[in-house]
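Subject: Structure for your review

Dear colleague,

Please find below the structure that I am handing over to you. My findings follow directly after it.

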Amino acid sequence: MITTTTPSVEGHEIKKYCGIVTGETIIGANVFRDFFASITDIVGGRSGTYEKVLKEAKSTSLMEMEMQAKSMGANAVVGVDLDYETIRDGMLMVTASGTAVFVEPKQ
């Protein structure tokens, strides 16, 4: 599955627009608390462990979005946008959204 933040896929023509697709992941505060309890790499302002959790949430959201696109008959998602939102009680939501399309190489 091709995924891109651009409105088109280089070298391909969009043959069909299938619709808007999304994927969401919510991570609870207890997950962060558990990770922070064992963090020793905070010195310097970056936390590799925290970043790893965010990357996993992003990956899961993108995967869900791609699965939804595939179920609609798409082979690509264009205009992909990632949003990170803090919701109640310290929970973090990562949302991926885009437009599912069917593309073919230009001839």
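I begin with the pairing of strands. Strand 3, which spans residues 76–87, pairs with strand 4 in the antiparallel sense, over 10 bridges. In this pairing, Y84 stands opposite V94 of strand 4. Strand 4 itself covers residues 91–105 and also pairs with strand 2, again in the antiparallel sense, over 14 bridges. Here the residue opposite G23 is A96 in strand 4.

Please bear in mind that the model is predicted. The chain has a mean pLDDT of 86, and 79% of its residues reach 70 or more. Where pLDDT is low, the predicted coordinates should not be read in detail.

The largest nonpolar core consists of 10 residues: C18, V21, L62, M65, A69, A74, V77, V80, A96 and A100. Strand 2, helix 2 (48–71), strand 3 and strand 4 are the elements that give two or more residues to this core. The most comes from helix 2, which gives three residues. In soluble globular proteins, nonpolar side chains tend to be buried together.

Leaving aside neighbours within four places in sequence, M65 is in contact with T3, with V21, T22 and G23, with V77 and V80, and with A96, S97 and G98.

Two further residues deserve a description. T25 belongs to strand 2, which runs over residues 12–27. Its relative accessibility is 12%, so T25 counts as buried. A polar atom of the T25 side chain lies 3.4 Å from the backbone oxygen of A57. Not counting residues up to four places away in sequence, T25 touches A57, T60 and S61 as well as L92, M93 and V94.

Is K106 buried or exposed? K106 is found in the segment after strand 4, and it counts as exposed because its relative accessibility is 57%. Although K106 and H12 are 94 residues apart in sequence, their C-alpha atoms are 5.0 Å apart in space. Beyond residues up to four places away in sequence, K106 touches G11, H12 and E13.

With kind regards

Terms used: Residues are numbered from 1 along each chain as its sequence is written. This is a predicted model: local features need pLDDT of at least 70, side-chain atom pairs count only at pLDDT 80 or more; totals for chains, interfaces and linings use all residues. Side-chain values use heavy atoms; hydrogens and water are left out. Helices (H or I, at least four residues) and strands (E, at least two) are DSSP runs, numbered from the N terminus. Buried means under 20% relative accessible area, exposed over 50%, partly exposed in between (1.4 Å probe, protein chains only). A polar contact is a pair of N or O atoms within 3.5 Å; within protein, one must be able to donate a hydrogen and the other to accept it, and residues adjacent in sequence count only if both atoms are side-chain atoms. Contact means heavy atoms within 4.5 Å. Two strands pair if DSSP finds at least two bridges between them. pLDDT is the predictor's confidence in each residue, from 0 to 100. A nonpolar core is a set of buried Ala, Val, Leu, Ile, Met, Phe, Trp, Tyr and Cys residues joined through side-chain atoms within 4.5 Å.
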